[in-house]
Amino acid sequence: GARTLVSGLLLGGEASGRFWQTDVIREPAPLVSGEEGEQLRRRVWGEILEALGKDVPRVEEILIELEAS
């Protein structure tokens with residue numbers, strides 16, 4: 001809850017985009033940072049877009065607009 005938010009805030013910019021667990025910045029697991037992880041990320045993201053597209057047909061268009069802004 002709130003402790004997690006405050007702790008994350010106190011880590012500052014050095015923690016941005018990093019793997020943070022139990023108030024410590026750690027190296028991510030190989031699955032997260034390796035080629036296998038990239039393939040998994042792409043597959044999961046595709047599945048998410050597919051599922052969202054069923055309820056929000058404009059989802060890809062919206063994401064393109066967000067990336068452009």
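In the predicted model, Arg43 and Glu47 are joined by a salt bridge whose closest N and O atoms are 3.4 Å apart. Both residues belong to helix H3 and are separated by 4 residues, about one turn of the helix. Glu47 is partly exposed, at 44% relative accessibility.

In total, 5 salt bridges were found in the whole structure. Glu38 has a relative accessible area of 26% and Arg41 one of 44%; Glu38 is partly exposed, and so is Arg41. These two residues, together with Arg42, are linked in a network of salt bridges. A further salt bridge connects the side chains of Arg58 and Glu61, with an N to O distance of 3.3 Å. Arg58 is partly exposed at 42%, as is Glu61 at 41%.

A nonpolar patch on the surface comprises Leu31, Val32, Leu40, Val44, Trp45, Ile48, Leu52, Val56, Ile62 and Leu66, which together present about 800 Å² of accessible area. At least two patch residues come from each of helices H2 (30-33), H3 (35-55) and H4 (59-68). Helix H3 provides the largest share, with 5 residues. Ile48, located in helix H3, is partly exposed, with a relative accessible area of 38%.

Ser7 lies in helix H1, which spans residues 2-11. Ser7 is classed as buried because its relative accessibility, 16%, falls under the 20% cut-off. Apart from neighbours within four places in sequence, Ser7 contacts Trp20 and Asp23.

Note on methods. Residues are numbered from 1 along each chain as its sequence is written. This is a predicted model: local features need pLDDT of at least 70, side-chain atom pairs count only at pLDDT 80 or more; totals for chains, interfaces and linings use all residues. Side-chain values use heavy atoms; hydrogens and water are left out. Patches are made of residues with over 30% relative accessible area and no salt bridge: like charges are joined within 9 Å, nonpolar side chains (Val, Leu, Ile, Met, Phe, Trp, Tyr) within 5 Å. Accessible areas come from the Shrake-Rupley method with a 1.4 Å probe; for residues, only the protein chains shown count as cover. A salt bridge is a side-chain nitrogen of Lys or Arg within 4 Å of a carboxyl oxygen of Asp or Glu. Buried means under 20% relative accessible area, exposed over 50%, partly exposed in between (1.4 Å probe, protein chains only). Contact means heavy atoms within 4.5 Å.
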